[in-house]
Amino acid sequence: MSESTPQRSATRHRQPAADLARIVVFAAFIAVLGTFPGIYLAGAAVPIVLQNMGPLLSGSLLGPRRGTASVVLFLALVAIGLPLLSGGRGGIAPFFGPSAGFLFGWILSALVVGLIVFLARKPTLPVLLVANLAGIAVDYLVGLPVMAAVIGDFRAAGIAMLGYVPGDLAKVVVVSLVAAAVHRAFPNSTPRKASTAR
């Protein structure tokens, strides 16, 4: 008994450090995705980017708390001026432009995806597909109204959004496949709700 107590204490001390490391790594991963330039469709005020895959993968692999924290950390680094967004953007300006809603929506994306994965008994591919589709959906729910308000034309914003859908659906599939493979390889890496079954 006396030996197990120090072991549990050491594990508790290591856990926050491990969590912080994962949060930092995934924030860096989101930043790396920003090195791929965005593509502007004709008339679109917001580019198509790979970077919105980062919050989805963060939620899929880190769960709601750590996944959300990684996105918040990334956005905080952008806000203080680091050019980490696609196209080398940084500072406060992106948080007041047409893409502002999508940026804030990334926080909800990671949270929603993480919660679904956390509540699932097993993060199978169907669960991950549903989770990441929900993550994209909440990003749209935040991003579309903000983009419409900034450009002053809801109809134009809605039409522009249609151009994002095929690519984002492909991202959902890719992220879900990657996350499913990671969960199979490391089944205990993501916190999940404990089963109450006896």
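Student: In this predicted model, what separates Lys171 and Asp168 in helix α5?

Tutor: About one helical turn separates Lys171 from Asp168, because the two are 3 residues apart in helix α5 (residues 154-185).

Student: What makes the contact of Lys171 with Asp168 a salt bridge?

Tutor: The closest N and O atoms of Lys171 and Asp168 are 3.2 Å apart. The criterion is a side-chain nitrogen of Lys or Arg within 4 Å of a carboxyl oxygen of Asp or Glu, so the pair qualifies.

Student: Which residues do salt bridges with shared partners join into one network?

Tutor: That network consists of Asp19, Arg22, Arg65 and Arg66. The structure holds 4 salt bridges.

Student: How do you know that Asp19 and Arg65 tie together separate parts of the sequence?

Tutor: Their side chains meet in a salt bridge at 3.1 Å, N to O. Asp19 lies in helix α1 (residues 4-33) and Arg65 in helix α2 (residues 53-79), so the linked parts are 46 residues apart in sequence.

Student: What is the N to O distance between Asp19 and Arg66?

Tutor: The closest N and O atoms of this salt bridge are 2.9 Å apart. Arg66 also lies in helix α2, so its pairing with Asp19 in helix α1 ties together parts 47 residues apart in sequence.

Student: Why is Arg65 called exposed?

Tutor: Exposed means over 50%, and Arg65 has 59% relative accessibility, so the term applies. Arg66, at 4%, counts as buried, as does Asp19 at 8%.

Notes. Residues are numbered from 1 along each chain as its sequence is written. This is a predicted model: local features need pLDDT of at least 70, side-chain atom pairs count only at pLDDT 80 or more; totals for chains, interfaces and linings use all residues. Side-chain values use heavy atoms; hydrogens and water are left out. Helices (H or I, at least four residues) and strands (E, at least two) are DSSP runs, numbered from the N terminus. Buried means under 20% relative accessible area, exposed over 50%, partly exposed in between (1.4 Å probe, protein chains only).
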